[in-house]
Every structure is written in structure tokens, then in C-alpha cells.
Amino acid sequence: MAVYLITYDLKNASGHDYSALHDKIKSFGAWWHYLESTWLVDTTMSAQTMSDEIRKVYQPEYHLVIKLTGLDYQGWLPKEAWDWVKSRL
């Protein structure tokens, strides 16, 4: 298992229903989603596979799927978010 960050740019898609996109990302594995267009997913899938699957259900203007490998992270998030991250990285 590895944790991946998935983020996307939906600037030209305001007012659209993103439930299919969100459901697809949730299907990849254990997930955390607190920031609007950013997800963390704990999965056995590859970045390529997740990227391909995202494009099957939604065509974001841009998206990025990247494996998180380091222990150097920082930000301003609620305790439950940090608990999720720390338990998986």
C-alpha cells in the first residue's frame, strides 16, 4: 500500500456535479478529503491506473496523481487529518 495525493483543477467546470469523480476516487482505497480539490488515497493502485480511471468518469482541466514517499510534511489541518496522514506515512 502507498499513499497518493490526487489533486485537480476544475476552473472551467463550475456548477457541475462531481459525484462520479468523487465516487471514483473513493473506490481507489482508504481516502481522506478535507481540501476542496485534493484527496489522499491509501491504495495498491498505481498513479497511472488512477489517472486513467479519473479520466474515464470526468475530464478535469488538469489533474495530478503523485505518490507520497517522504516524512517531511507540514500544513494547517485539523487533528483528525494529521492522525490519518501520520498513521499511513
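**View 1. Ser46 lies in the loop that joins β3 to α2.** Helices (H or I, at least four residues) and strands (E, at least two) are DSSP runs numbered from the N terminus. The structure is a predicted model, in which local features need pLDDT of at least 70 and side-chain atom pairs count only at pLDDT 80 or more, whereas totals for chains, interfaces and linings use all residues. Residues are numbered from 1 along each chain as its sequence is written, and side-chain values use heavy atoms, with hydrogens and water left out. Ser46 has a relative accessible area of 31% and is therefore partly exposed; with a 1.4 Å probe and protein chains only, buried means under 20% relative accessible area, exposed over 50%, and partly exposed in between. Between Ser46 and His22 there are 18 Å from C-alpha to C-alpha, at a sequence separation of 24 residues.

**View 2. Lys26 belongs to helix α1.** With a relative accessible area of 35%, Lys26 is partly exposed. When residues up to four places away in sequence are not counted, Lys26 touches Trp31 and Trp39, contact being defined as heavy atoms within 4.5 Å. The C-alpha atoms of Lys26 and Thr44 are separated by 13 Å, and the two residues are 18 apart along the chain.

**View 3. Trp39 is part of strand β3.** Its relative accessibility is 1%, so Trp39 counts as buried. Leaving aside neighbours within four places in sequence, Trp39 is in contact with Tyr4, Leu5, Ile6, Tyr8, His22, Ile25, Lys26, Trp31, Trp32 and His33.

**View 4. Helices α1 and α2 pack at an angle of about 155°, with their axes 9 Å apart.** This angle makes α1 roughly antiparallel to α2. Axes are lines fitted to C-alpha atoms, for helices over the stretch in contact, and angles run from 0 to 180 degrees between N-to-C directions. Angles under 35 degrees count as roughly parallel, over 145 as roughly antiparallel, 65 to 115 as roughly perpendicular, and the rest as oblique. On the α1 side, Ala20, Leu21, Lys24 and Ile25 meet Glu53, Ile54 and Val57 of α2. By class, this contact has 5 nonpolar, no polar and 2 charged residues; Ala, Val, Leu, Ile, Met, Phe, Trp, Tyr, Cys and Pro count as nonpolar, Asp, Glu, Lys and Arg as charged, and the others, Gly among them, as polar.

**View 5. Ile54, in helix α2, is buried, with a relative accessible area of 1%.** Ile54 and Ile25 are 29 residues apart in sequence, and their C-alpha atoms are 7.3 Å apart in space. In the largest nonpolar core, of 15 residues, Ile6, Tyr8, Ile25, Phe28 and Ile54 touch the most other members. A nonpolar core is a set of buried Ala, Val, Leu, Ile, Met, Phe, Trp, Tyr and Cys residues joined through side-chain atoms within 4.5 Å. Two or more residues of this core come from each of β1 (2-9), α1 (19-26), β3 (38-43) and α2 (47-57), and the largest share, 4 residues, is from β1. A second, separate core of 7 residues includes Val3, Leu40, Trp82 and Trp84.
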